[in-house]
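Dear colleague,

I am handing over the structure we spoke about, and I would be glad if you could look through it with the notes below at hand.

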Amino acid sequence: SLTERLSSTFKNLRGKGRLTEADIDATAREIRRALLDADVAVPAVRQFIKQVKERALGEEVSEALNPAQQVVKIVQSELEEILGGETRTLQLAKTPPTVIMLVGLQGAGKTTLAGKLSKHLKQEGHAPMLVAADLQRPNAVKQLQVNGERAGVHVFAPHPGVSSEHEDPTGDPVEVAKAGLEEAKNRQHDVVIIDTAGRLGVDQELMQQASDIRAATNPDEVLFVIDAMIGQDAVATAQAFNEGVGFTGVVLSKMDGDARGGAALSVKYITGKPIMYASTGEGLGDFEVFHPDRMASRILDMGDVLSLIEQAERTIDKSSAERMAQKFADQEDFTLEDFLEQMQQLKKMGSMKKMLMMMPGAQGMKKQLEQFDDSQVNRIEAIIQSMTPYERNVPKAINGSRRARIAAGSGVHVSEVNTLLERFREAQKMMKKMAAGGGMPGMPGMPG
Ligand code: GDP
Ligand code: MG
């Protein structure tokens with residue numbers, strides 16, 4: 001992966017006292033290769049390397065940073081720059097409703113995004129509505145209705161109540177979009193998201209239809225949704241949509257896949273349009289506001305701790321987090337009850353691996369992460385549940401005979417109980433550190 005390649009490049013620089021021009025050239029070559037392997041568009045790579053080299057050569061040799069740190073810093077800030085610099089927020093209409101139109105190839109993730117974005121906007125206090133203007137694909141209307149229902153938002157569809165197999169193939173998406181907009185005004189929604197049709201490839205008729213919808217609805221934002229996995233095709237596709245329909249922002253979808261860096265690095269450079277959101281899975285909550293600085297860190301494997309914390313805040317039950325904070329404040333002991341609660345909260349976050357992969361140094365823990373699955377959490381749960389309340393609150397009291405009883409009660413071997421207690425002690429230590437203001441510790445309860 002791009003991240004791995006870059007990490008090993010930087011490793012070679014470690015321990016060097018001084019950065020020579022030859023070092024910079026060699027490093028630039030490595031970075032170039034890594035970026036191309038990650039499907040970053042060629043012109044974007046060229047520009048990127050040029051800037052990194054110029055800065056690396058021009059930079060004063062810092063006493064505080066070693067050469068490797070210096071190059072990492074330059075690469076990080078240039079990555080941030082090429083990814084768009086600042087996060088751009090949604091352009092809201094002066095007179096509501098704000099109209100957001102989604103465009104992109106078939107399968108890019110538009111309809112899925114419509115659900116995610118509407119849920120996100122709802123959480124931000126808006127009253128969004130969806131409009132199903134994709135009459136091309138069988139089932140498209142139904143799919144949007146399902147997503148809207150899950151997100152708890154109203155969906156305007158051309159044939160309410162009629163099963164999608166019987167959609168009128170001659171329905172006019174432009175008329176549907178206009179009618180949807182009218183309905184949004186009548187119902188006083190402040191944001192309208194229009195889902196449109198895509199094709200497998202770039203297609204003149206499709207572009208015309210999207211242009212017509214754009215002209216008829218005058219959207220405040222046209223979001224181009226692009227599958228982050230499509231590699232070098234990203235360039236041609238982005239260019240075609242930029243010229244054919246035009247768009248104001250980009251959404252990278254399927255960022256949960258392998259090709260993390262490539263498309264992200266290319267699209268902004270090619271079109272000059274900011275990346276605004278990232279889609280990271282099939283679930284309604286797999287959605288993030290795109291932060292160029294965090295993405296740059298993620299690419300460089302410094303870990304995306306901020307996104308992680310935000311995701312945790314959204315998912316973790318607030319009262320539980322507050323209770324934990326209060327415990328720290330009162331300098332109370334971290335007990336097995338708390339440990340269990342933490343594990344259960346982690347499980348709630350859905351894909352644990354995905355989350356842990358965002359932690360700093362995750363590359364080094366890859367093996368352990370691959371071994372980790374939710375069934376381990378289930379076993380931990382079973383073991384702790386076999387303990388008495390006294391044992392959970394005073395773990396020190398769990399002696400040999402208690403361990404044997406707990407093992408028998410939860411159907412595991414005594415050694416598993418021992419391992420759990422060991423892990424718990426480590427977690428306890430970490431929590432103490434955090435309470436003392438040590439900041440974000442590693443994830444407690446990780447298998448060692
Ligand atoms: P559309 O044709 O542009 O409307 O694309 P859809 O929203 O129908 O998505 C196409 C497929 O990709 C569906 O199976 C989605 O579940 C899936 N999908 C969409 N976004 C993501 C994502 O961020 N990650 C993953 N893994 N799958 C996604
Ligand atoms: Mg769709």
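What follows goes through the helix packing, the ligand surroundings and one annotated stretch.

Please keep in mind throughout that this is a predicted model.

I begin with helix α2 (residues 21-37) and helix α3 (residues 42-58), which pack at an angle of about 155 degrees with their axes 10 Å apart. Angles over 145 degrees count as roughly antiparallel, and α2 and α3 are therefore roughly antiparallel to each other. Their crossing is right-handed. On the α2 side the contact is formed by E21, I24, A28, I31, R32, L35 and L36, which meet V45, F48, I49, V52, K53, A56 and L57 of α3. Sorted by class, the residues of this contact of α2 with α3 comprise 11 nonpolar and three charged ones, with no polar residue.

Turning to the ligand, 18 residues surround ligand 1, and the closest of them are G109, K110, T111, T112 and S279. The shell around ligand 1 divides into two nonpolar, 11 polar and five charged residues. Helix α5 (residues 110-123) gives the most to this shell, with three residues.

Helix α5 also packs against helix α6 (residues 140-151), where the two axes come within 9 Å and cross at roughly 25 degrees, which makes α5 roughly parallel to α6. The crossing in which α5 passes α6 is right-handed. In this pairing T111, T112, A114, G115, S118, K119 and K122 of α5 meet A140, Q143, L144, N147, G148, R150 and A151 of α6, and the residues of the contact divide into four nonpolar, seven polar and three charged.

The contact is made by P173, V174, A177, K178 and L181 of α7 together with Q209, D212, I213, A216 and T217 of α8, and by class it holds six nonpolar, two polar and two charged residues. The crossing of α7 and α8 is right-handed.

Finally, an unreviewed UniProt entry lists residues 274-287 under "domain: SRP54-type proteins GTP-binding". Over residues 274-287 the chain is 0% helix and 43% strand, and the end C-alpha atoms lie 17 Å apart.

With best wishes

Technical notes. Residues are numbered from 1 along each chain as its sequence is written. Chains are lettered from A and ligands numbered from 1 in the order in which they are written. This is a predicted model: local features need pLDDT of at least 70, side-chain atom pairs count only at pLDDT 80 or more; totals for chains, interfaces and linings use all residues. Axes are lines fitted to C-alpha atoms, for helices over the stretch in contact, and angles run from 0 to 180 degrees between N-to-C directions. Helices (H or I, at least four residues) and strands (E, at least two) are DSSP runs, numbered from the N terminus. Angles under 35 degrees count as roughly parallel, over 145 as roughly antiparallel, 65 to 115 as roughly perpendicular and the rest as oblique. A crossing is left-handed if the near helix is turned anticlockwise from the far one by less than a right angle, and right-handed if clockwise. Two residues are in contact if their C-beta atoms, placed from the backbone, lie within 7 Å. Ala, Val, Leu, Ile, Met, Phe, Trp, Tyr, Cys and Pro count as nonpolar, Asp, Glu, Lys and Arg as charged, and the others, Gly among them, as polar. UniProt positions are given in the numbering used here, feature names are shortened, and annotations may be inferred rather than shown by experiment. A residue is near a molecule or strand if its C-beta atom, placed from the backbone, lies within 6 Å of it.
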